[in-house]
Amino acid sequence: MDNSFIALGLMSGTSLDGIDASIIKSDGENNLEIIDNKYLCYPKEFKKRLTKLIQSIDNKFDLEENIGIYKSLEKELTLYHSKISKKIIDENNCNIQLIGFHGQTIIHKPKEGYSIQMGDANLLSQLLKKKIIYNFRANDIKNYGEGAPLTPVYHKLLTKKIQKNNPVLILNIGGISNYTYCFKNTISAKDIGPGNVLIDEYLKKTRGINYDKNGDIALSGNINNDVINQFYEHEIYNVEEKHSYDRKEFDFGFVKGLEFEDAVATLTYFTALIISKNIKKTFENNLEIILCGGGRKNLTLLTHLKNLLKRDIKLIDEFAIDGDFVESQAFAYLSIRSFLKKPISYPSTTNVLAPVTGGEIKVNY
C-alpha cells in the first residue's frame with residue numbers, strides 16, 4: 001500500500017532573488033522521489049521594493065507602521081508564487097495534494113516570540129485550488145524553540161537516500177549558513193554565521209550587482225587581514241551564544257574604506273573563516289562535509305573553506321541532487337509531515353523543548 005503524497009514545496013530565501021519550487025513524492029518518512037524543480041526570478045523592481053521594506057522593519061511595531069506597503073507586497077509575492085506553481089504543476093501533469101508555502105521571511109526574532117513570513121496562504125489556496133500548509137515556524141517558537149533551521153529532518157532523509165552511513169555534515173550556504181549533522185539516528189543543527197549575506201549586500205549597495213559570480217571578484221582582490229583580525233572575535237559571530245540569525249544582524253561596515261575588489265575578497269574570506277571556525281569548534285575531523293545552497297557556486301569561498309577546514313568538501317550535486325532546490329524540496333516534505341502531524345523540529349535542531357509538528361493548513365476553494 002502506497003501511503004505517499006505528491007507535494008509542492010515553495011521557498012524564497014534570504015537572498016530575495018526569487019522562488020524555488022519543487023515537486024516530490026514521499027510518505028513523510030523514508031520514501032522520497034524528486035519529481036521536478038523550477039525557479040522563478042523576481043523582477044528587479046519588485047525585489048527593490050521588497051528589500052526596502054525588509055530594511056525598514058526592526059520589530060512588530062515597524063510592521064504595523066508599514067502595514068499598507070506590507071499587504072500590497074504580500075499580494076504581489078503570493079501572485080508570483082501562484083505563477084511558478086501553476087507552471088510546474090502544468091508541466092508535470094500530476095495531482096498535487098499539498099503545497100508547502102514558506103513565504104518570505106521579513107523578520108526573525110524568536111527570542112521575542114515571533115518570526116514573520118510574508119505570504120497570503122488564503123489567496124494562494126484560492127488561486128491554485130489546493131491545500132496550503134504555511135506558518136511553519138510559529139509552533140516551534142511557541143514551544144521555546146528558535147523556529148530555525150527547519151530543513152534538518154529533510155537533510156537526514158537525503159543522507160539516507162545517498163547511502164551515507166558515516167557521520168555527515170550537510171552545510172547549507174544561503175544568505176545565512178547552517179549545518180545539519182547526521183549520524184545513525186542522531187541529528188543536530190544550527191545556524192553558524194553569514195553565508196552570502198555580507199558579500200551580496202556589499203555588492204548590491206556599492207555596485208548594484210546581485211552576487212559575485214563564481215567568486216571572480218573576490219579572487220581578483222587582496223584579503224585585508226588587519227580588518228579581519230579586528231572583527232573576527234566580534235560577539236555576533238560567537239555561535240555558542242546564537243542558534244539562529246536574522247539577516248539584519250550582519251553588517252559589512254567593517255570593510256568600508258577598502259578598494260572594491262579588496263572589500264569583496266575580505267568579506268569572502270571572513271565568511272569562510274567564521275563558518276570553518278564554528279565547524280571546527282564543534283566537530284572532529286572524521287566527518288564528511290556535503291555542501292548545498294547558492295554559496296556552493298562561489299568557487300573562491302569554497303576554496304577558502306577547503307583550505308581552512310583542511311579537507312575535501314563534496315557538492316550535493318555529486319549525488320544527483322540539485323543543490324539549488326534542497327530547501328524547496330524540504331518544505332514539500334515538511335508539508336507532508338505537518339499534514340500527518342509528525343514532528344518537523346527537535347530539541348537538537350531548534351532548541352525546542354520537545355519534538356513538535358508545525359504549520360497550519362489553509363483550504364479556500
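Biologist: What's the strand order in the open sheet of five strands?
Modeller: The order is 9-8-7-10-11, with mixed pairing. Strands are DSSP runs of E, at least two residues, numbered from the N terminus, and two of them pair if DSSP finds at least two bridges between them. This is a predicted model, where local features need pLDDT of at least 70, side-chain atom pairs count only at pLDDT 80 or more, and totals for chains, interfaces and linings use all residues. Residues are numbered from 1 along each chain as its sequence is written, and side-chain values use heavy atoms, leaving out hydrogens and water.

Biologist: Which strands are at the edges?
Modeller: Strand 9 (186–194) and strand 11 (313–315), each pairing on one side only.

Biologist: And in what sense do strands 10 and 11 pair?
Modeller: Parallel, over three bridges. I290 stands opposite K314 in strand 11.

Biologist: Switching to aromatics: how many pairs are there?
Modeller: The structure has 13. Rings of Phe, Tyr and Trp (its six-membered ring) pair if their centres lie within 6.5 Å; planes under 30 degrees apart are stacked, over 60 edge-to-face, the rest tilted. F5 and F339 have ring centres 5.6 Å apart and planes at 75 degrees, so that pair is edge-to-face.

Biologist: Where do F5 and F339 sit in the chain?
Modeller: F5 is in strand 1 (residues 5–12) and F339 in helix 12 (residues 326–339), 334 residues apart. Helices are DSSP runs of H or I, at least four residues.
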